[in-house]
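Look at the sequence and the model shown here.

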Amino acid sequence: MEQGIVELWADIGSECYWADILDRFPGEFVSFEERWPQPGFIGDDFFGVTPRVVLMGQNPRASNTVRATEADQELFTLIRRHSAVRSVESLQTLFRMMQKFMTATYPYDYKPAWRPVSAAHKHLGLSLNSIVYLNLIPIATRNDRILPGFAPAFARATRLQLQALQPDKVVVYGKGAFEALVRFAGNSWDVRYIEQRNFRMAPEVKRWLSA
């Protein structure tokens with residue numbers, strides 16, 4: 001794994017990286033005391049598979065709808081620790097812990113944290129070890145709308161992550177996040193989406209992934 005990827009993920013997982021954006025858009029984002037920036041994970045096999053697939057949600061869960069749990073706090077601690085260590089080994093540990101956290105295999109009484117991850121595995125046949133999971137923006141908002149602060153937050157983080165990863169295909173969870181990604185990124189990547197509440201499009205997307 002390139003050191004540039006290590007440094008980028010470490011930056012995105014640090015509080016100081018976001019200070020100016022939070023100042024520019026007061027009230028849009030959840031404070032870091034409540035929910036830490038979540039830079040996403042890279043599966044162990046991602047760089048060796050074809051096609052390279054990135055799965056994308058909208059943003060980490062808003063604190064006014066889901067309270068931070070003990071598992072959340074443990075994950076936030078791990079992200080902060082990686083941001084300080086900035087090593088490949090620390091980053092890989094972070095990614096594996098995030099996978100466990102998202103699929104509720106973390107050793108706490110906890111429900112799956114990210115529906116996109118479990119849905120992609122179930123409906124698209126994607127293995128977590130072979131994909132990347134990102135959010136449109138890595139910082140939480142207080143509601144589910146696409147807010148003005150999304151554009152600079154995307155440019156600061158997810159655009160750079162995608163450029164570093166060079167995926168072949170991007171699957172976005174939800175039409176709103178898909179439309180925002182296209183608006184922010186144009187046709188830079190080959191992108192499809194699946195609906196949030198039903199998966200009628202999943203067979204078509206699955207065929208597109210295997211084409």
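## A proline in a loop

Beyond its neighbours within four places in sequence, Pro 37 is in contact with Ile 12, Gly 13, Ser 14, Trp 18, Phe 32, Ile 79, Pro 138 and Ile 139. The model is a predicted one. Pro 37 lies in the loop between helix H2 (19–24) and strand E1 (41–42).

Buried means under 20% relative accessible area. Pro 37 has 0% relative accessibility, so Pro 37 counts as buried. From Pro 37 to Met 97 there are 60 residues in sequence, and the C-alpha to C-alpha distance is 15 Å.

## Two packed helices

Two packed helices are described by the angle between their axes and the distance between the axes. For helix H3 (residues 70–85) and helix H4 (residues 88–102), the angle is about 165° and the axes are 9 Å apart. H3 is therefore roughly antiparallel to H4. The crossing of H3 past H4 is left-handed.

On the H3 side, the contact is made by Ala 71, Asp 72, Leu 75, Leu 78, Ile 79, His 82 and Val 85; these meet Ser 90, Leu 91, Thr 93, Leu 94, Met 97, Met 98 and Phe 101 in H4. Of the residues in this contact between H3 and H4, 10 are nonpolar, three are polar and one is charged.

## The sheet

An open sheet is formed by five strands in the order E1-E3-E2-E4-E5, with mixed pairing. E1 and strand E5 (191–194) are at the edges and have a single partner strand each, so one side of each has no neighbour in the sheet.

Strand E4 (residues 169–173) and E5 run parallel and are joined by four bridges. Val 170 has Val 191 in E5 as its bridge partner. Helix H7 (residues 158–165) packs on the sheet and touches E1, strand E2 (53–57), strand E3 (131–135) and E4. The direction of H7 makes about 165° with that of E3.

Methods: Residues numbered from 1 in each chain as written. Predicted model: local features only at pLDDT ≥ 70, side-chain atom pairs only at ≥ 80, totals over all residues. Heavy atoms only, no water. Axes fitted to C-alpha atoms, helices over the stretch in contact; angles between N-to-C directions. Helix = DSSP H or I, 4+ residues; strand = E, 2+ residues; numbered from the N terminus. Parallel < 35°, antiparallel > 145°, perpendicular 65-115°, else oblique. Left-handed = near helix turned anticlockwise from the far one by under 90°. Contact = heavy atoms within 4.5 Å. Nonpolar A, V, L, I, M, F, W, Y, C, P; charged D, E, K, R; others polar. Buried < 20%, exposed > 50% of the residue type's maximum accessible area, 1.4 Å probe, protein only. Pairing = 2+ DSSP bridges.
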